[in-house]
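Me: I've got a few "how do you know that" questions about this one. Can we go through them together?

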Amino acid sequence: MSTEDCERAQEDELEALLAIFPDDIVLRDEDDEDESGPTRPATASYSVRLRGEGIPFVLNVRCPPTYPDLSTPDFEVGYDGDGPARLHAVQEAAVVGVASRAARAGLGTPSVYSSVQSVREFLADHGLAQAAVSLLGDDCLALVLRFAASTREDVDAVRRALPVCRAAARSNALWEQICRIRWQSKFGYGRRMRRARRTSDEAGGSDECLWMRLYEAEERDASRTRIRPRELSHMRFDLRQWFSLRDFRSQPDNMRDLLPTGLRRSISRDVVFAEGGEMRSSQGWASTRRWTLRGNEILWTAPSGSSVECFRINRLPDWAWELSGNDFVMRSISDDVVIADWWDLTSTIVIEERCAWVSPTRAPHDYNYREIPDDEGIKATLDW
């Protein structure tokens, strides 16, 4: 493309811009000569009025002779008046950078319009605010994030809104706090936090993203539904019955029509599945049982081997473990608490009526009702 062709292309582009932005294009008079000789025609230099964060400014556009064939326009932020409101140099550089990148993407074709539109989108997305935030160092940004974000979702939202915070959003100080907030309501908080701090001390601060990776590792582990034998033997369980025969027998004969729940009272809070298949508990009868881990189930047998309770292993939302059988149910207890959490079951107990074709088998007398958590899965699993 010859120089004349480039000039015609520039004139056509300016005519189009004047039609699109009639109130925002400011022509610059550059017909006068200066010490360096003749200047370019006025079509080679003009400005576009813009406004960002309430501050009016112009984007000065200067087109070199080889634009748009071999070069891109030169951009600069300027101001029409002498008002005190000015962008920071970092913000001005950000605006010029957006315009220049859009122009380079369209090299070989007129690109001022795409540059202006890119700057407008940048301003609409609060790009100037992001550029101002970049004046803060990563340490300061991490400190701000510690107050603004308490969950992973918060961090992700800030990182999307302010890409300049990307490095600060991985800082150990921030993620240690998020780990503590996230884990303190979960099973095994004390042990998990001690293990993480020990790992952090061993790293000696050399790993800048250590706590973020620890968080991610624990989140992955929380989705695990199979318990390890050694893990099982290091836990303490709260043992309860689905239904209480003791409470059933204590009812007057004329009222013995309801099988009460046993979930409100703990039988033992120190049940341990010791290594070698032994059971340990302050309840002597429980200590006589033997256990075997088979896949995702635990078989619990009496000394004679005559009775077998099969416990299904479940992972709870608070990351605790539940062992659910037909007669008994257990939940793991954290080292830093006294009792397991049963509120999700005890708070939903309802009275269910027995169907006429179902025979009751759990008590020596017939009954027509039972107390049971209002959960269709539990109702279907536990026989009458």
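Me: What makes Trp300 the partner of Trp291?
Reply: In this predicted model, Trp300 of S10 is the bridge partner of Trp291. Helices (H or I, at least four residues) and strands (E, at least two) are DSSP runs, numbered from the N terminus.

Me: Why are strand S9 and strand S10 called paired?
Reply: Two strands pair if DSSP finds at least two bridges between them. S9 (residues 290-294) and S10 (residues 297-301) have five bridges, in the antiparallel sense, so they pass the cut-off. In their hairpin two residues sit between the strands, and Gly295 takes a positive phi near 65°.

Me: What pairs with S10 on strand S11 (residues 308-315)?
Reply: S10 and S11 pair in the antiparallel sense over five bridges, and Glu297 has Arg312 as its bridge partner in S11.

Me: Why is Trp342 called buried?
Reply: Buried means under 20% relative accessible area, exposed over 50%, partly exposed in between (1.4 Å probe, protein chains only). Trp342 has 3%, so it's buried. Its place is the loop between strand S13 (328-333) and helix H13 (343-346).

Me: Which residues does Trp342 touch?
Reply: Contact means heavy atoms within 4.5 Å. Leaving out residues up to four places away in sequence, Trp342 touches Asp238, Arg240, Leu263, Val329, Met330 and Arg331.

Notes: Residues are numbered from 1 along each chain as its sequence is written. This is a predicted model: local features need pLDDT of at least 70, side-chain atom pairs count only at pLDDT 80 or more; totals for chains, interfaces and linings use all residues. Side-chain values use heavy atoms; hydrogens and water are left out.
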